[in-house]
Amino acid sequence: MQRRQFLGGAAAAVSAALLAGRARAAGPSVIRVGVPGVGVGNRPVTGGSFFSLLHLQGTLAEEFKKDGIEVKWSFFRGAGPAVNEAVANNLLDIWTHGHLPSVVGRASGLKTRLLASASRRGHAYLVVPADSPITGVKDLRGKKVAFQKGTASQLSANRILEGHGLSEKDIRSISMDASTAKAAIATKDIDAVFGGTDYLSLRDQGIGKVVYTTKGDSPTYPSNSGIIAREDFINEYPDVVQKIITLAVKSAAWLADEKNRTQAFQLWSKSGTPFANYKEAQQGEDMKQNASPLLDEYAIARYKSAVADSKKYGLIRSTFEVEPWTDRRFLNRALKDTGLERFWAEWDANGKPKG
C-alpha cells in the first residue's frame, strides 16, 4: 500500500514537473528587445519609427504584462554593430536594424530572420560647420568625414559618394556615434558628417549647416530598416513573435493616420530630437508608405541591393540570398487578423505602386 502511494506520488510529481515545463515553454520570462541607437544625452529613448512607438506608448509591455512576461528594452549607443554583438552573445530576441548591420550580421553567420519592414526611405543629411566652405558632396575629397561605421549611414554614405564621383577612399573617413560627431562639428575637429534627422538640430543651433540631403536625389540613397529576430526565439516562441508583429502592424497603421502625426512627433521628441525636426523630415514624404511593414518587391529589392553594394564596397566578405532569410508568416497573419491586408500599397522593385 505504501509502495503504491509512493509510486502514485512520484507519478504526480513527474506529471506536475512536465506541466510546469510546458507552461514555461509557452512563453519566456522576459522578451529582450534591441534598439540600435540612443536619444540625445544617451537617454534610452529613440523616435522616428512605428516600432519606437511600441516603447514610447508602452504597448508591448502592457500586452505581455498580463502573461507575466517582462519586456526589456535595450538601447545601444554603438548602434547596429553593437546590436549584432549582443545577438552573437545571445542577449537579444528581437530588434530593429538598418539594412547594412542586418546584412552584416546575416553574412557573418548570425542565425536571424527578417520578419517585417520597420521603415523605408530614411533620408540622410550632410552637415558641415556653419562657416565651412564646403557646399556639397563634391567638396569632400580629402576631408575628414564622419559616419558611424557598420551602420546604415555608412552604406548610404558610400552610395552618395559614388553617385557624386567619389569613394570612401577619397575621403578621410572617421567612425563616430551621433553625440561624438555633433561635438566634433561644433569644435571643427571634423569637416563633415553624414547622419539622420537628429543632425538638423546643429543647423538650428547655428553650429552647422546642411549642404546636402538625399531628399529629391536618387531613390537608391535612403536607408531601409527591418524587424529582425533570432531563429531560435522564433522557433521556441512563435505565439510570442506573432503578438509582437501584430502589435507592430497596428502601430504602423496608427502612425499612418494623419490625425495621429502630431502626437507621434511629440512622443518621438522625447528622444531629444526636437518636434520641429521630425516634422521637417517628414514634410513632403508619404509617411503611410514609408512606415509600411510589408516585405514587398520593393523591400526585398532594397535588401538585395544592400547585400550586393555591401560586397562591392568591401563591407562584407560573403553574400547570401535574401528571400530565404525572410519569414513572412507572422506578418501575413497579422495583416489578415487586423483587416489591413490591403491597407498599404505594394510597391514594385522601383518603388512604384503595383497594379
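These notebook entries record what I looked up in this predicted model.

**Conventions.** I number residues from 1 along each chain as its sequence is written, and I use heavy atoms for side-chain values, leaving out hydrogens and water. For this predicted model I require pLDDT of at least 70 for local features and 80 or more for side-chain atom pairs, whereas totals for chains, interfaces and linings use all residues.

**Strands β1 and β2.** I looked up how strand β1 (residues 30–35) sits against β2, and found that they pair in the parallel sense over six bridges, where pairing requires that DSSP finds at least two bridges between the strands. Helices (H or I, at least four residues) and strands (E, at least two) are DSSP runs numbered from the N terminus. R32 stands opposite K72 in β2, and K72 belongs, with E70 and S74, to the uncovered face of β2 (residues 70–75), while V71, W73 and F75 make up the covered one.

**Q154.** I next turned to Q154 in helix α6 (residues 152–163), which counts as buried because its relative accessibility is 6%; buried means under 20% relative accessible area, exposed over 50%, and partly exposed in between, with a 1.4 Å probe and protein chains only. Its side chain reaches the backbone nitrogen of G150 at 2.7 Å. Leaving aside neighbours within four places in sequence, I list L100, F147, Q148, K149, E168 and L315 as in contact with Q154, contact being heavy atoms within 4.5 Å.

**D131.** I found D131 in the loop between β5 (125–129) and β6 (144–147), and it is exposed, with a relative accessible area of 54%. The side chain of D131 makes a polar contact with the side chain of K188 (2.6 Å), the term being a pair of N or O atoms within 3.5 Å, of which, within protein, one must be able to donate a hydrogen and the other to accept it, with residues adjacent in sequence counted only if both atoms are side-chain atoms. I also noted that D131 and G208, 77 residues apart in sequence, are 7.7 Å apart in space, C-alpha to C-alpha.

**Cavity.** Searching the whole structure, I found one cavity of 30 Å³ or more, a cavity being a set of points, on a 1 Å grid over the protein atoms alone, where a 1.4 Å probe fits but cannot get out, with lining residues having an atom within 4 Å of a point. The largest cavity has a volume of about 40 Å³, the space filled by probe spheres set on the points. Its lining includes W95, H97 and R106, and α5 (99–107) gives the most to that lining, with three residues.

Notes
1 Å grid on protein atoms, 1.4 Å probe; cavity = no way out; pocket = protein on both sides within 12 Å on 5 of 7 lines; lining within 4 Å.
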